[in-house]
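This briefing concerns one protein chain, shown below. Topics follow in groups after the lead.

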Amino acid sequence: MTEKALRLGTRRSKLAMAQSGQVADAVSQVTGRPVELVEITTYGDTSREHLAQIGGTGVFVAALRDALLRGEVDFAVHSLKDLPTAQHEDLVVAAVPVREDPRDVVVARDARKLTDLPRGARIGTGAPRRMAQLNAYARTHGMEIETVPIRGNVDTRIGYVRSGELDAVVLAAAGLNRVGRIDEVTDFLSVDTVLPAPGQGALAIECVADNASLIAALAELDDPFTRVAVTAERSLLAALEAGCSAPVGALADLLADGQTVKEMRLRGVVGTTDGSTLVQLSTTGPVPQTHEAAMALGRDMATEMLAQGAAGLMGERAH
């Protein structure tokens with residue numbers, strides 16, 4: 001008798017389906033069981049409001065978590081940057097697979113790079129974090145740009161450029177990679193220009209906390225280096241008391257010497273969306289060996305950023 005298929009809960013967007021399909025194949029390999037995708041519509045998918053107004057990206061997660069708790073699906077795949085920083089008491093992130101490219105990218109008309117955009121270029125993005133850093137970059141490099149808040153899937157966003165409504169849009173490289181559209185990118189933004197969202201490019205595979213056998217099976221897909229990096233980034237975000245729609249960027253890089261990972265560098269930024277004020281910090285040290293140590297690294301940096309004035313740059317000013 002063949003074992004019952006595992007049910008993987010996923011959002012219906014093309015990107016969510018693509019990344020869930022990749023996880024389903026990997027889970028099938030480690031468990032030897034078939035995996036079926038169960039499509040779940042979330043409020044974030046049906047609402048036309050701006051994300052900052054409907055509670056940030058957490059609105060994409062709630063319906064998937066409800067399905068897990070009701071036993072309608074066995075596990076769910078989230079973009080880690082959408083996951084609220086507070087741990088859910090009845091659920092566990094069983095695996096954080098190897099991270100995709102964490103960078104942001106530009107898709108612009110006439111194959112232009114960010115630095116080649118015309119004066120007054122209209123750049124679309126849904127993220128206050130991107131607006132803050134793009135506007136700050138433009139200010140320091142004598143560029144004139146206008147950041148325009150947009151929503152929608154990859155097709156919709158790139159469509160604004162194709163139709164001429166916008167000169168460029170900024171998206172996550174990971175998402176375009178997963179839907180096979182990375183060749184449309186006209187510029188890869190250095191993380192020195194725009195720090196990504198905490199957890200960007202990484203996935204979280206979540207299941208109920210009392211399913212020990214499934215947790216053990218999914219754990220085979222966990223990448224300890226990715227997990228420690230995103231734990232530090234998300235701890236920084238949580239300690240700044242900022243939701244997923246706050247203008248906070250963070251990235252933990254692992255610095256390797258040949259094949260050996262020696263150190264971890266954590267960088268953080270928070271700013272006003274007009275780019276007039278940014279608080280940026282960077283710290284480098286040994287790779288945290290425990291979850292607690294990674295959490296402490298993020299918390300310590302947040303404390304320092306708050307001392308430098310980060311607190312006044314967040315909250316309601318994201319609108």
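D110 is exposed, with a relative accessible area of 64%; exposed means over 50%, buried under 20%, and partly exposed in between, with a 1.4 Å probe and protein chains only. The model is a predicted one, in which local features need pLDDT of at least 70, side-chain atom pairs count only at pLDDT 80 or more, and totals for chains, interfaces and linings use all residues. Residues are numbered from 1 along each chain as its sequence is written, and side-chain values use heavy atoms, with hydrogens and water left out.

**Loop between β5 and β6**
- D110 lies in the loop that runs between β5 (104-108) and β6 (121-125), and its phi is positive, near 55°, although the residue is not glycine.
- A111 is found in the loop between β5 and β6 as well; its phi is also positive, near 55°, in a residue other than glycine.
- A111 is exposed, with a relative accessible area of 59%.

**Chain as a whole**
- The chain has 9 helices and 13 strands, taken as DSSP runs numbered from the N terminus (helices H or I, at least four residues; strands E, at least two).
- Of its 319 residues, 52% count as buried.
- Among contacts (heavy atoms within 4.5 Å) between residues at least 6 apart in sequence, 71% join residues at least 24 apart.

**Helix α4**
- Helix α4 (residues 128-140) has 13 residues and should span 18 Å at 1.5 Å a residue; its end C-alpha atoms are 18 Å apart, in agreement. The expected span is 1.5 Å times one less than the number of residues.
- Of the 13 residues of α4, 11 are buried, among them R129, R130, Q133 and N135.
- G142 follows α4 and has a positive phi, near 65°.

**Second largest pocket**
- The second largest pocket holds about 370 Å³ of space. A pocket is an open set of points on a 1 Å grid over the protein atoms alone, where a 1.4 Å probe fits, with protein on both sides within 12 Å along at least five of seven lines; lining residues have an atom within 4 Å of a point.
- Of the 20 lining residues, Q87, V93, T231, R234 and H291 are the closest to the centre of this pocket.
- β4 (91-95), α8 (224-239) and α9 (291-307) each supply at least two lining residues, and α8 gives the largest share, 6 residues.

Key: Grid points are joined across faces, edges and corners, and a volume is the space filled by probe spheres set on the points.
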